[in-house]
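Colleague: Hi! I'm new to this one, could you walk me through it?
Modeller: Happy to, let's have it on screen.

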Amino acid sequence: MIRIEDVIEKVEANRPNADIDLIRRAYLFSALHHRGQKRASGEPYLVHPLEVADILADLRLDEVSVSTGLLHDVVEDTLVDLDTIRSYFGDEITLLVDGLTKIAHISNLSKERQQAENVRKMVLAMITDVRVVLIKLADRLHNMRTMQFLKPEKRARISQETLDIYAPIAHRLGMGKMRSELEDLAFQNLYPEEYKRLAKEVDARRPELEGILEKIKVTIEAKLAENDVPFVEVQGRVKRLYSLWKKLKKQKLMIEQVYDLIAARVITKNDRKNCYLALSVIHDLWTPVPERFKDWIAIPRDNLYQSLHTSVIGDGGQAFEVQIRTEEMHRIAEEGVAAHWRYKESKLGAKDDENLDELRKTVEKLLLPLVEDNADNGDSEDFIESLKLDLFPKDVYAFTPRGKVIQLPRGASPIDFAYAIHSEVGDTCTGAKINGRIVPLKHELQNGDVVEIMTTANSKPSRDWLNYVVTSKAKNRIRHWISEQQRADSIEIGRKLLEKEADRFRVAPKKLINNDAEMRRIANEYGLGRPEDLLASIGYGKTLPRNVLSKFLGAEKFAELDPEKRKETRIESGVKAVKKFIGLGEDAIIVKGVDNLLTTRARCCNPLRGEDIIGYISLGKGIVVHNKRCKNVAQLMVNKERIVEVDWAKSDKNEVQSVGILVTTENRTGMLAGITNAIADIKTGIRDARAIISRDDKGQIEVTVEVFDKKHLDRVLSAIANVPGVIAVERVNA
């Protein structure tokens with residue numbers, strides 16, 4: 001078990017004038033309040049904050065960070081509150097602890113939503129104080145090291161979050177060493193069988209690979225010395241398991257086909273010209289692989305990483321990678337922003353600490369875009385999805401006509417490029433030239449492309465752009481514009497509908513719509529803030545203009561002026577007739593919180609009773625009901641304000657619905673008869689059946705059956721699947 005004296009010894013070695021008394025007080029406070037608590041392993045809980053503090057000391061962070069590492073769980077896991085922390089340790093540590101403390105449990109939010117809110121809070125806190133992210137990464141690293149004591153489902157959830165959020169944040173901050181360990185630990189917990197298989201395969205080859213690496217190192221050292229290239233050392237490594245697994249899976253390679261399975265690393269003296277001299281020595285020794293050279297020194301990655309990468313073919317045809325960097329570059333590659341942490345005699349965090357300001361600016365440059373690009377995302381889960389997107393490594397480098405480098409994710413389009421330059425450039429983009437040639441806006445950018453964006457002042461974003469943009473900034477900006485545009489349209493539609501209804505009641509439309517106080521009162525009754533919100537709600541179909549008139553006139557006056565009073569029975573019967581005609585049946589679907597709205601089933605998925613459904617307000621068409629698994633639902637979620645809760649009404653009647661089924665069979669006589677007999681055996685009606693022979697000499701039978709609900713359909717599909725000669729059976733939609 002780590003001791004507090006071990007942590008203090010490391011801090012004193014890195015910063016002789018550190019306030020060690022602060023660390024001791026934080027340790028005693030943590031020990032007192034975590035007393036009696038145990039971890040899942042059975043060891044005292046105090047072990048965890050001690051280990052976190054030790055990781056922070058290894059990163060050479062200041063005593064405030066180390067003390068916060070000792071205190072980071074006291075508010076969350078004990079009865080201590082932030083005011084107590086402030087009274088004992090001051091505002092600086094209190095702000096850090098607050099940034100690291102999860103939001104209190106909210107009963108009406110799902111576990112996933114609460115987790116999203118916690119990550120959102122942490123990311124926002126990072127910008128306030130850069131140390132929040134470093135302490136959080138140390139906390140997550142120790143938790144990942146001790147995952148074996150948790151239940152499998154919790155291990156999987158935490159490991160997935162680590163791969164999605166924390167390892168990419170470590171990568172964005174250039175902390176290569178921490179990122180690597182987080183990824184490998186997550187891989188081991190998420191895919192234990194694949195981890196064991198790959199580890200066994202690599203371990204079997206390890207003696208041979210390490211032997212090759214040793215020869216490579218000796219050869220490089222000798223040649224560098226012979227050519228008077230100043231160097232510190234030459235290292236060798238076998239590729240990390242997670243990184244190797246990802247490459248094998250993505251590129252569908254065999255392990256023998258991986259160019260960088262082994263790699264040598266040359267660390268030169270601190271002069272970048274030595275890196276290029278070393279590169280020439282390497283290329284004289286072995287044949288370089290075309291298109292496998294990357295110069296991250298001339299164009300550093302956005303996470304400060306600098307290095308030369310080249311792949312070569314060695315003796316016996318063995319391919320390997322060589323990385324070349326200076327001592328300073330190597331330190332930054334391993335520790336990232338933590339490598340920039342320099343200490344002064346003044347108290348760290350004080351206004352006159354220029355080095356802390358420098359670090360803060362560095363981290364803000366790396367992390368602020370994550371917040372700014374997602375600022376319009378009020379929904380925490382959308383924020384997390386956009387955050388994941390932005391955290392993926394960016395590896396396409398395109399140029400403006402003036403030579404400015406724009407770094408984007410692989411698969412980016414000219415629209416992503418336009419929004420990366422400026423939001424207004426993206427909004428008014430009408431076309432693009434790449435390397436002097438006009439290309440479609442969905443064209444995929446490649447490294448080295450020179451991109452010129454063409455704009456028109458009155459041009460606006462298109463919904464179709466969402467199909468081929470990949471950056472969260474572009475996606476969020478387009479979604480925001482679509483939402484604003486549709487809101488404006490819905491307000492105008494709502495105004496016209498309310499005016500029309502007012503005319504029918506012989507009420508002057510302006511008397512109602514221009515009466516701001518009355519409109520605001522009615523809006524508040526519906527839980528809305530402004531008259532515009534009420535008009536938008538009418539336009540979307542969520543609020544009936546008739547009901548608004550009722551609230552404006554009062555019940556007695558409304559009944560007196562109601563032009564439909566005598567027609568009510570006839571209209572209600574008409575709605576029922578329409579519902580019956582389109583196959584919904586009487587009150588088949590309930591719209592929660594909204595009355596008298598016509599609902600129709602979406603033709604794209606034709607939902608069946610018993611399936612999970614979702615309603616979408618279609619302007620002027622009522623509510624269209626989709627299966628929640630419908631491929632179009634993701635696109636509908638762009639306009640969340642138009643989503644309504646719907647459910648199946650309870651009914652004693654069996655509602656018959658037609659469903660199409662596609663059956664792939666062997667090409668032999670009697671297949672159609674066998675399938676129709678199987679359907680008839682379970683008392684199911686058949687409306688249509690037809691058969692063809694496909695190009696690959698298989699039978700394709702389309703049959704339309706009458707079913708009552710999802711369970712009935714499942715029985716039909718199962719009966720068909722059991723017919724000899726059936727290869728596959730699936731439901732098809734209109």
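Modeller: One term before we start: a residue is called buried when its relative accessible area is under 20%. Also keep in mind that this is a predicted model.

Colleague: Which ones are they in α22?
Modeller: The buried residues are P531, D533, L534, L535, A536, S537, I538, G539 and Y540.

Colleague: And what covers the buried residues of α22?
Modeller: The cover includes helices α19, α21 (516-525) and α23, along with strand β14 (613-618).

Colleague: What follows α22?
Modeller: G541 comes after α22, and its phi is positive, near 95 degrees.

Colleague: You mentioned α19 and α23. How do their axes cross?
Modeller: Helix α19 (residues 472-504) and helix α23 (residues 545-553) have axes that come within 9 Å and cross at roughly 60 degrees. The two helices are therefore oblique to each other, and α19 passes α23 in a right-handed crossing.

Colleague: Which residues meet there, between α19 and α23?
Modeller: From α19 there are L497, L498, E501 and A502, and they meet P545, R546, V548 and L549 of α23. By class, the residues of this contact are 6 nonpolar and 2 charged, with no polar ones.

Colleague: Let's switch to α4 and α6. At what angle do their axes cross?
Modeller: Helix α4 (residues 63-71) and helix α6 (residues 82-100) cross at roughly 55 degrees, and their axes come within 10 Å. That makes α4 and α6 oblique to each other, and α4 passes α6 in a right-handed crossing.

Colleague: Which residues make the contact of α4 and α6?
Modeller: On the α4 side you'll find V64, S67, T68 and L71, and on the α6 side F89, E92, I93, L96, V97 and L100. The contact of α4 with α6 has 7 nonpolar, 2 polar and 1 charged residues.

Colleague: New topic: how many residues are in the largest nonpolar core?
Modeller: The largest nonpolar core has 97 residues, and L137, I220 and I324 have the most contacts inside it. Helix α11 (residues 192-226) gives the largest share of this core, 9 residues. Apart from it lies another core, of 27 residues, among them I513, I623, V625 and W648.

Colleague: What does I220 touch?
Modeller: Leaving aside residues up to four places away in sequence, I220 touches V234, A264, V266, I282, L285 and W286.

Colleague: Is K247 buried or exposed?
Modeller: K247 is buried, with a relative accessible area of 18%. You'll find K247 in helix α12 (residues 241-251). Again not counting residues up to four places away in sequence, K247 touches K239, K252, L253, V258, D260 and R292.

Colleague: Last thing, backbone angles. What should I know in general?
Modeller: Most residues other than glycine have a negative phi.

Colleague: Then what is the phi of R60?
Modeller: R60 is not a glycine, yet its phi is positive, about 65 degrees. R60 sits in the loop between α3 (47-58) and α4, and counts as partly exposed at 24% relative accessibility.

Colleague: And where is N435?
Modeller: N435 is in the loop between β9 (429-434) and β10 (437-439). Its phi is near 55 degrees, a positive value in a residue other than glycine.

Note on methods: Residues numbered from 1 in each chain as written. Predicted model: local features only at pLDDT ≥ 70, side-chain atom pairs only at ≥ 80, totals over all residues. Heavy atoms only, no water. Axes fitted to C-alpha atoms, helices over the stretch in contact; angles between N-to-C directions. Helix = DSSP H or I, 4+ residues; strand = E, 2+ residues; numbered from the N terminus. Parallel < 35°, antiparallel > 145°, perpendicular 65-115°, else oblique. Left-handed = near helix turned anticlockwise from the far one by under 90°. Contact = heavy atoms within 4.5 Å. Nonpolar A, V, L, I, M, F, W, Y, C, P; charged D, E, K, R; others polar. Core = buried A, V, L, I, M, F, W, Y, C linked by side-chain atoms within 4.5 Å. Buried < 20%, exposed > 50% of the residue type's maximum accessible area, 1.4 Å probe, protein only.
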